[in-house]
Amino acid sequence: MSAQIISGKDIANEIRAELTTEVARLKDEAGVTPGLATVLVGDDPASQMYVGMKNKAAAAMGIHSRQITLPADTPEDELLGVVAGLNADADIHGILVQSPLPDHINEGRIVEAIDPSKDVDGLHPLNVGRIATDSDDFFAPCTPAGVIEMLTRNGHDPAGKHVVVVGRSNLVGRPLSSLLMRKAPGGNATVTVCHSRTPDLGAMTRTADILVVAMGRPETITADMVASGAVVIDVGTNRVDDETREKGYRVCGDVLFDEVSEVAAAISPVPGGVGPMTITMLLSNTVKSARLAAG
Ligand code: NAP
């Protein structure tokens, strides 16, 4: 079997086109320009790159973006003050404080200080709780929301399926399992969550109709761990040394793609899979926040 490729890049482009239309409509009909604020503390190159990509993508679809860059030794109180200012700013509909923060700052305290109605990262405990309690009024975290879109827009509705999620992080595995369990579109799945204490991972993954892997362990899921005809979404993004590449490394997922694509019915690649969806869902949440603010 040669699997259907679930291209996050293509779905991200489709959603971005829809969002661009909605941004224009919000401006024309409600006089509202969606606004995203990104806060970067310190000069970590990867964080700088991520924030730059988010702002560029926002600008491309007409979203107003504001980047606030603070030195690495910024006291926690000062960062809390910046967040409070953005909470009160009517031009800003989404606030993203780029992770990781320097060690002296309590990340949980910063996330909890963000107005939940501007929490476009979907990490505030109120949004996490609303997802878990089947409320309709929430922002979903971007990567898990992207996975759901990749499934549903490719005709792999999780409803009634057995979905095995490998990973239970607060960023990916845990909120994804909550979304999949919801009594709502994109949910209604039977969900099994695996982690590092799962004794026989293969025995679990082989039972999946849909397998979502978010371990951060390069190419760990092999063909013998996947049922014939399963749908596989690979969230993992890993750099591994590769002397044959100009840069000396390559980026790969948690799934051994060449092997697993021979048994799976559909599979997402890395790169070009979940990655492009994460930023897209951040922009989607920002537009949603602006829509709600416009009334
Ligand atoms: P994380 O916080 O390190 O969590 C990894 C999870 O995998 C943990 O729950 C861990 O179990 C589990 N795990 C590790 N080794 C395992 C094993 N041998 N068997 C079973 N479970 C195992 O990572 P994360 O933030 O969720 O990210 C996961 C991967 O997704 C990373 O590669 C990351 O770069 C990638 N990612 C990509 C995007 C994107 O936009 N494409 C976004 C976010 C993350 P324990 O809980 O027991 O430790």
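**View 1. Strands β2 and β3 pair in the parallel sense over seven bridges.** Two strands count as paired if DSSP finds at least two bridges between them. Strands (E, at least two residues) and helices (H or I, at least four) are DSSP runs, numbered from the N terminus. L36 has S65 as its bridge partner in β3. The model is predicted: local features need pLDDT of at least 70, side-chain atom pairs count only at pLDDT 80 or more, and totals for chains, interfaces and linings use all residues. Residues are numbered from 1 along each chain as its sequence is written, and side-chain values use heavy atoms, with hydrogens and water left out.

**View 2. β2 and β3 belong to an open sheet of three strands, ordered β3-β2-β4.** The pairing is parallel. β3 and β4 are the edge strands, and each pairs on one side only. From one strand to the next, the twist averages 15 degrees. Helix α2 (residues 45-60) packs on this sheet and touches β2, β3 and β4. Its direction makes about 170 degrees with that of β2. Helix α10 lies across β2 and β4, at about 130 degrees to β2. Axes are lines fitted to C-alpha atoms, for helices over the stretch in contact, and angles run from 0 to 180 degrees between N-to-C directions. Contact means heavy atoms within 4.5 Å.

**View 3. Helix α3 (residues 76-87) has buried residues E76, L79, V82, V83 and L86.** They cover an arc of only 120 degrees around the axis, which puts them on the same side of α3. The arc is taken over directions from the helix axis to the C-beta atoms. An α-helix has 3.6 residues a turn, so residues three or four places apart point the same way. Buried means under 20% relative accessible area, exposed over 50%, and partly exposed in between (1.4 Å probe, protein chains only). The cover over the buried residues of α3 includes β2 (35-41), β3 (64-70), β4 (94-97) and α4 (107-113). At 1.5 Å a residue, the twelve residues of α3 should span 16 Å, and the end C-alpha atoms are 16 Å apart, which agrees. The expected span is 1.5 Å times one less than the number of residues.

**View 4. E76 and R109 form a salt bridge.** The term requires a side-chain nitrogen of Lys or Arg within 4 Å of a carboxyl oxygen of Asp or Glu. The closest N and O atoms of E76 and R109 are 2.5 Å apart. E76 lies in α3 and R109 in α4, so the pair ties together parts that are 33 residues apart in sequence. E76 counts as buried, at 12% relative accessibility. R109 is partly exposed, at 46%. The structure holds 14 salt bridges.

**View 5. R182 forms a salt bridge with D134.** Their closest N and O atoms are 3.6 Å apart. R182 sits in the loop between α7 (173-181) and β6, and D134 in the loop between α5 (125-132) and α6, so the pair ties together parts 48 residues apart in sequence. R182 is buried, with a relative accessible area of 7%. D134 is partly exposed, at 36%.

**View 6. Helix α6 is mostly covered, with nine of its twelve residues buried.** Among them are C142, P144, V147, I148, M150 and L151. The cover includes α1 (8-30), α7, β7, β8 and α10 (274-294). Helix α6 (residues 142-153) lies across β7 (210-213) and β8 (231-234), running at about 150 degrees to β8. G155 follows α6 and has a positive phi, near 80 degrees. A network of salt bridges links E14, E18, E149 and R153.

**View 7. An open sheet of six strands runs in the order β1-β11-β8-β7-β5-β6.** The pairing is parallel. β1 (4-5) and β6 (190-194) stand at the edges, each with a single partner strand, so one side of each is left without a neighbour in the sheet. β1 pairs with β11 (residues 266-267) over two bridges. I5 has I267 as its bridge partner in β11.

**View 8. Strands β9 (residues 238-241) and β10 (residues 249-252) pair in the antiparallel sense over four bridges.** V240 stands opposite R250 in β10. N238 and V240 form the covered face of β9, whereas R239 and D241 form the uncovered one. R250 also forms a salt bridge with D242, with the closest N and O atoms 3.6 Å apart. D242 counts as buried, at 12% relative accessibility, and R250 is partly exposed, at 23%.
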